[in-house]
Amino acid sequence: MPFPHERPRRLRSRHEIRKMVREIELTPGRLILPLFVTEGKSGPVRSMPGVRQHTVTEVVKEAREVFRLGIPAVILFGIPKKKDERASGAYAKDGIVQRAVRAIKSKVPRLMVITDVCLCEYMSHGHCGIVEKNKINNDKSLKLLAQTALSHAIAGADMVAPSDMMDGRVAAIRQKLDQAGFSETPILSYAVKQASSFYGPFREAAGSAPKFGDRKTYQMDSANSREAIREAELDVKEGADIIMVKPALPSLDLIRAVRAAVKLPVAAYQVSGEYAMIKAASAKGWLDEKAIMMESLVAIRRAGADLIITYFAKEAAKLL
Ligand code: PBG
């Protein structure tokens, strides 16, 4: 009979002992903060309280604070003034992300700057690839994505993170970077990115909602877990260095499955909608914001994520 010999509560009797036997550590070193940088005027994001669109000057200030808090990295998203059908702002030498990278790296050199590599923010139609006759041209899009990643590396990005979900983009980016002498720049691949409605607030922040249709022909169906492993394995073969699963809390099972399937570090993205839900319920007094934030981050780590991209990074780091 386990009881009365076995008493799990013995190890829960006080804070000190609970801390000693805790299985998962959450530290600022595991967090990555997403930052929006705009070519236009800065300001708050309506559906993401506490999140702002920054100018280049402001984003440097933010980067300094992030580094001071012990958060090792940020991931940058650009909001250009002009959009077109070739996403030229995405790979322009003086594009908004390229300028922000140069500014941050010159002022806070030890902060890791990761760049999101995608075309949706720069395309007039808001899709993540080239559109021809209302259809995505996958292979032509690869060229622009690789060019975008290279322009980020040239600007000084420490890591590039393709989020477009085109087939073959990791290989295309790896080849382009290697040819240009950036063989040591890692690729953090959004490998398991689902066509999720949890990205709603982000699209408001980045002005990147598709003007027609949806992203279901390139982002994954959230019902599929075998396909999630397939996507992760393909990106490993194409040369990814870190595999990401997204959104996070709705896919703890996928984080766990990818963790078991690949040997690379696994990242999870606690996306805009997950952040907005917690913020909204807390604002109403229905949830304890700090406690829920920590509980969700611990759950994502417990599922198997080594790294978490989260809009809560600063708030969590302050508590840790
Ligand atoms: C760009 C991109 C998106 C997110 C990260 N990169 C939006 C989308 O795919 O529509 C979402 C991040 C978030 O919701 O916080 N393709």
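How far is an oxygen atom of the ligand from an N or O atom in the side chain of Ser272? The distance is 2.7 Å, a polar contact in the sense of a pair of N or O atoms within 3.5 Å. Before we go on, note that this is a predicted model, in which local features need pLDDT of at least 70, side-chain atom pairs count only at pLDDT 80 or more, and totals for chains, interfaces and linings use all residues. Residues are numbered from 1 along each chain as its sequence is written, and side-chain values use heavy atoms, with hydrogens and water left out.

Lys193 places a polar side-chain atom 2.7 Å from a ligand oxygen atom, and for Tyr311 the corresponding distance is 2.6 Å. The protein covers 100% of the 400 Å² of accessible area that the ligand has on its own; such areas come from the Shrake-Rupley method with a 1.4 Å probe.

The ligand sits in the largest cavity. Here a cavity is a set of points, on a 1 Å grid over the protein atoms alone, where a 1.4 Å probe fits but cannot get out, and sitting in it requires more than half of the molecule's atoms to lie within 2 Å of its grid points. Strand S9 (188-193) and helix H7 (200-206) are the elements that give two or more residues to the shell around the ligand; helices (H or I, at least four residues) and strands (E, at least two) are DSSP runs, numbered from the N terminus.

Around the ligand there are 19 residues, counted when a heavy atom lies within 4 Å. Lys193, Arg203, Lys246, Ser272 and Tyr311 come nearest. By class, the shell has 11 nonpolar, 3 polar and 5 charged residues; Asp, Glu, Lys and Arg count as charged.

Lys246 also takes us to the backbone, where a cis peptide bond joins Lys246 to Pro247, with omega about -5°. Pro247 lies in the loop between strand S10 (242-246) and helix H9 (252-261). Another cis peptide bond joins Phe3 and Pro4, with omega about 10°, and Pro4 is found in the segment before helix H1 (15-20).

One more backbone detail concerns Lys133, whose phi is near 50°, a positive value in a residue other than glycine. Lys133 lies in the loop between strand S6 (130-132) and strand S7 (135-137).

Notes. A polar contact is a pair of N or O atoms within 3.5 Å; within protein, one must be able to donate a hydrogen and the other to accept it, and residues adjacent in sequence count only if both atoms are side-chain atoms. On a 1 Å grid over the protein atoms alone, a cavity is a set of points where a 1.4 Å probe fits but cannot get out, and a pocket is an open set with protein on both sides within 12 Å along at least five of seven lines; lining residues have an atom within 4 Å of a point.
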